[in-house]
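We will go from stop to stop.

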Amino acid sequence: MDNLKKHKYLVVLSDNFAYFCSEMNDPKIRSVTFYKDYFSDFFHKQKQKVKDKILWTLRIIETQQQIPVDYLKHLEGTDGLYEIRVQQSSDIFRIFCFFDKGKLVVLTNGFQKKTQKTPKSEIDKALKIKKEYEQEE
């Protein structure tokens, strides 16, 4: 939580949802949120430099009309699942997400990528979280 405040981000909890709210001046095109503790558990385990890079990448997603594929890519063969791509030095991280109502990006799980191919178990976990989210609506 301290890291989020340092970057002028606040986390507002409401039932099972938490939202990234920015106080920065760039206009937001979409909002980023996370569902339950799946993403926050991953986030809080990271080193400070990785947390900073994740927050920077999320800000790009919130404020850019066209998000470069270097930062957000659709996963083929999935029902609307995307991966947020974060690189800090030689470390590569992926955070899965999906869109809800077009302007809301819901973060699911994240992991450090250590192989060329994304592990199927991580994709399956993200799809399970997405399904759980959709069933609560």
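Predicted model: local features only at pLDDT ≥ 70, side-chain atom pairs only at ≥ 80, totals over all residues.

Residues are numbered from 1 along each chain as its sequence is written, and side-chain values use heavy atoms, with hydrogens and water left out.

**Stop 1: the core.** Select Phe39, Ile54, Leu58, Ile61, Ile84, Ile95 and Leu107. These have the most contacts inside the largest nonpolar core, which has 19 residues. Such a core is a set of buried Ala, Val, Leu, Ile, Met, Phe, Trp, Tyr and Cys residues joined through side-chain atoms within 4.5 Å. Buried means under 20% relative accessible area (1.4 Å probe, protein chains only).

Now colour strand E3 (31–35), helices H2 (38–44) and H3 (48–63), and strands E5 (82–88), E6 (91–100) and E7 (104–113): each supplies at least two core residues. H3 gives the largest share, five residues. Helices (H or I, at least four residues) and strands (E, at least two) are DSSP runs, numbered from the N terminus.

**Stop 2: Ser40.** Stay in helix H2 and pick Ser40. Ser40 is buried, at 10% relative accessible area. A polar atom of its side chain lies 3.3 Å from the backbone oxygen of Asp37.

**Stop 3: the pocket lining.** Select Lys73, His74, Leu75, Glu76, Thr78, Glu83, Arg85, Lys113, Thr118 and Ile123, which line the largest pocket. Lining residues have an atom within 4 Å of a point of the pocket, an open set on a 1 Å grid over the protein atoms alone where a 1.4 Å probe fits, with protein on both sides within 12 Å along at least five of seven lines. Strands E4 (72–74) and E5 each give two or more residues to this lining.

Key:
Buried < 20%, exposed > 50% of the residue type's maximum accessible area, 1.4 Å probe, protein only. Polar contact = N/O pair within 3.5 Å; in protein donor to acceptor, adjacent residues only side chain to side chain.
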